[in-house]
Amino acid sequence: MTDQALWRPTRRRLADTLLSALAPVAACGLALGGLSMWTTYGNAGTPARIAVTESRVLLPYGDNRDTAAFFRITNSGGSADRLLKVTSTEADGKLTLSRHRMTGGNSASAQTVAAVSVPAGDSLAMSPNSLDVTVPAKAGWQSGDLVAFTLYFERSGAVKTLAVVVRAGQEGT
């Protein structure tokens with residue numbers, strides 16, 4: 001037998017070991033409990049859920065082929081999303097998002113917009129006085145025609161909709 005004594009745990013060593021293991025276990029339990037409560041009360045941020053309604057496009061007037069399209073975009077999800085672009089195979093060129101602002105002297109100016117935020121649990125209503133989509137119309141559109149559009153969102157992807165062609169001043173335009 002050697003002079004070294006067998007290692008035996010003492011009460012002090014056992015208490016120190018248990019205390020050092022208890023701190024991370026308690027922190028994980030507290031974090032898990034907090035996250036569970038957060039998700040239980042609906043604050044975990046469900047994905048964006050986009051719906052496009054009230055889609056309409058103005059009938060071009062005179063020789064001008066550029067017109068505007070308007071959509072109501074509703075996000076019933078728990079996370080914000082962004083409208084990145086709008087396309088239509090039935091348009092005669094590239095569509096652009098535009099924001100209209102009133103300037104002095106009863107005139108307005110349009111600015112091209114790269115993207116538009118759609119907040120969680122909210123809706124965005126496009127109108128001639130705010131945001132719209134500039135559309136180079138094809139010849140032959142008539143009031144009542146349906147035009148297919150695809151709206152592309154950062155998180156929700158592509159959403160297809162049909163817009164009815166209306167005369168300016170008709171149906172809330």
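1. Two residues are in contact when heavy atoms of theirs lie within 4.5 Å. By that test, among contacts in the protein chain between residues at least 6 apart in sequence, 66% join residues at least 24 apart.

2. The model is predicted: local features need pLDDT of at least 70, side-chain atom pairs count only at pLDDT 80 or more, and totals for chains, interfaces and linings use all residues. Residues are numbered from 1 along each chain as its sequence is written, and side-chain values use heavy atoms, with hydrogens and water left out.

3. The protein chain has one helix and 10 strands, in the sequence order α-β-β-β-β-β-β-β-β-β-β. Helices (H or I, at least four residues) and strands (E, at least two) are DSSP runs, numbered from the N terminus.

4. Of the 173 residues in the protein chain, 27% are buried. Buried means under 20% relative accessible area, exposed over 50%, and partly exposed in between (1.4 Å probe, protein chains only).

5. The largest nonpolar core has 33 residues, of which Phe71, Ile73 and Phe149 touch the most other members. Two or more residues each come from strands E1 (50–58), E2 (66–75), E3 (81–87), E6 (116–118), E8 (131–136), E9 (146–153) and E10 (157–166). E2 gives the most, with five residues. A nonpolar core is here a set of buried Ala, Val, Leu, Ile, Met, Phe, Trp, Tyr and Cys residues joined through side-chain atoms within 4.5 Å.

6. One aromatic pair is found in a search of the whole structure. Its members are phenylalanine 71 and phenylalanine 149, with ring centres 5.4 Å apart and planes at 75 degrees, so the pair is edge-to-face. Phenylalanine 71 is in strand E2 and phenylalanine 149 in strand E9, 78 residues apart, so that the pair links distant parts of the chain. Rings of Phe, Tyr and Trp (its six-membered ring) pair if their centres lie within 6.5 Å; planes under 30 degrees apart count as stacked, over 60 as edge-to-face and the rest as tilted.

7. Phenylalanine 71 counts as buried because its relative accessibility is 1%. Phenylalanine 149 is also buried, with a relative accessible area of 1%. Beyond its neighbours within four places in sequence, phenylalanine 149 is in contact with residues including Val57, Ala69, Phe71, Leu95, Val135 and Ala163.

8. Phenylalanine 153 also lies in strand E9. This residue counts as buried because its relative accessibility is 4%. Neighbours within four places aside, phenylalanine 153 is in contact with Ile50, Ile73, Asp81, Arg82, Leu83, Leu84, Val118 and Val159. Its C-alpha atom is 9.8 Å from that of alanine 48, 105 residues away along the chain.

9. Strand E1 is joined to E2 by six bridges, and the two run antiparallel; valine 57 stands opposite alanine 69 in E2. Three bridges join E1 to E10, which run parallel, and arginine 56 has valine 164 in E10 as its bridge partner. Two strands pair if DSSP finds at least two bridges between them.

10. Glutamate 54 is found in strand E1. Though not a glycine, glutamate 54 has a positive phi of about 50 degrees.
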